[in-house]
Amino acid sequence: MEIKTKDARGLLLVLFLGQLVAFSLAAGNFASSLVANLGVNAPLTQSFFVYLLLALVYVPILFHRRQKPRIPWYWYLAMAFIDVQGNYLFVEAYQYSSITSITLLDCWTVLWVIILTWYVLGTRYSFWQFLGAGTCVAGLCLVLISDAKSPDVQDPSKIPLLGDALVIAGTICYALTNIGQEYCVKKNDRVELVAMLALFGVLVTAVQMYPLHSLLVLITGQQRKSPSINLLSLLHSKKSIMFLSGANIHVTI
């Protein structure tokens with residue numbers, strides 16, 4: 001009887017934590033959509049502070065243990081690099097598509113994870129699991145068709161299919177990092193994984209901020225309509241609203 005009670009409590013705890021994670025993701029998606037609707041394009045800056053908060057919590061714990069990393073640092077660097085690109089593509093998609101389409105298309109991660117775990121980790125799935133995944137893919141295809149046939153005519157800057165493509169590309173990055181994280185957690189400690197991923201995520205994001213913006217300016221040959229200043233400088237004006245965008249602050253008059 002006690003065993004069944006413990007199992008029930010464990011199941012309820014897992015369900016509660018799952019719902020907490022889902023709520024946190026929904027809140028993050030809403031915040032990204034709100035920022036995009038305000039005319040702010042800040043994918044790297046948003047990711048930077050997420051990695052920074054994780055690093056401030058988990059890196060001191062890892063240092064307190066005084067243990068050498070069980071997995072070579074360059075694997076963590078590779079995972080962090082891919083994860084940063086996935087976050088960049090995902091947040092950038094809000095500039096072109098709606099929050100509904102982006103949230104639904106994020107489920108493409110499940111498809112890529114099934115394919116990768118099948119070939120990389122040797123995981124085998126049942127017919128019903130494939131059937132469920134196929135049903136989800138069919139629904140995601142309907143989302144793409146809907147965006148293709150009903151573009152956002154209210155905002156000419158919105159390109160729904162481009163946003164959808166960015167999300168799908170981001171889900172590939174997420175799937176790669178999820179596979180790496182699963183392998184590291186099974187073979188290693190969770191704290192080391194989060195600490196190293198956050199630490200290298202901060203470094204990769206910080207290094208990528210200004211060069212990426214400079215490359216985009218070089219390709220497009222022009223700055224945005226709103227004037228921009230460097231991230232490290234501050235501008236105070238009663239009629240201005242300052243926004244962090246990649247490595248710059250865009251000032252909207």
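# Briefing on helices, ring pairs and a nonpolar patch

The buried residues of helix α5 are W108, T109, I114 and T117. That helix belongs to a predicted model, in which the secondary structure of the protein chain comes to 8 helices and 3 strands. Read from the N terminus on, the elements run α-α-α-α-α-α-α-α-β-β-β. Of the 253 residues of the protein chain, 35% count as buried.

**Helix α5 and its tryptophans**

- Helix α5 covers residues 108-121, and its 14 residues reach 19 Å from the first C-alpha to the last, which is close to the 20 Å expected at 1.5 Å a residue.
- Within α5, W108 and W112 lie 4 residues apart, about one turn of the helix.
- W108 counts as buried because its relative accessibility, 11%, falls under the 20% cut-off, whereas W112, with a relative accessible area of 23%, is partly exposed.
- Just after α5, G122 takes a positive phi of about 75°.

**Nonpolar surface patch**

- I115, Y119, V120, L121 and Y183 make a nonpolar surface patch of about 530 Å², and the largest share of this patch, 4 residues, comes from helix α5.
- Y183, one of the patch residues, is found in helix α7, which spans residues 160-187.
- The relative accessibility of Y183 is 44%, and Y183 therefore counts as partly exposed, a class that lies between the 20% and 50% cut-offs.

**Aromatic pairs**

- Counting rings whose centres lie within 6.5 Å as paired, the model holds 9 aromatic pairs.
- The pair formed by F90 and Y94 is edge-to-face, because the ring centres are 5.9 Å apart and the planes stand at 80°, and an angle over 60 degrees falls in that class.
- Both partners of this pair are buried, F90 at 7% relative accessibility and Y94 with a relative accessible area of 1%.
- The rings of W108 and W112 have their centres 5.8 Å apart and their planes at 25°, so this pair is stacked, the class for planes under 30 degrees apart.
- Ring pairs also link W73, Y74, W75 and F200 into a cluster.

**Helix α2**

- Helix α2 runs over residues 43-65, and its 23 residues reach 33 Å from the first C-alpha to the last, close to the 33 Å expected at 1.5 Å a residue.
- A bend of about 35° is found in α2 at A55, and A55 is itself one of the buried residues of the helix.
- P60 and A195 are 135 residues apart in sequence, yet they are 8.5 Å apart in space, C-alpha to C-alpha.
- Just after α2, R66 takes a positive phi of about 55°.

Methods:
Residues are numbered from 1 along each chain as its sequence is written. This is a predicted model: local features need pLDDT of at least 70, side-chain atom pairs count only at pLDDT 80 or more; totals for chains, interfaces and linings use all residues. Side-chain values use heavy atoms; hydrogens and water are left out. Helices (H or I, at least four residues) and strands (E, at least two) are DSSP runs, numbered from the N terminus. The expected span of a helix is 1.5 Å times one less than its number of residues. The bend at a residue is the angle between axes fitted to the seven residues ending there and the seven starting there. Buried means under 20% relative accessible area, exposed over 50%, partly exposed in between (1.4 Å probe, protein chains only). Patches are made of residues with over 30% relative accessible area and no salt bridge: like charges are joined within 9 Å, nonpolar side chains (Val, Leu, Ile, Met, Phe, Trp, Tyr) within 5 Å. Accessible areas come from the Shrake-Rupley method with a 1.4 Å probe; for residues, only the protein chains shown count as cover. A salt bridge is a side-chain nitrogen of Lys or Arg within 4 Å of a carboxyl oxygen of Asp or Glu. Rings of Phe, Tyr and Trp (its six-membered ring) pair if their centres lie within 6.5 Å; planes under 30 degrees apart count as stacked, over 60 as edge-to-face and the rest as tilted.
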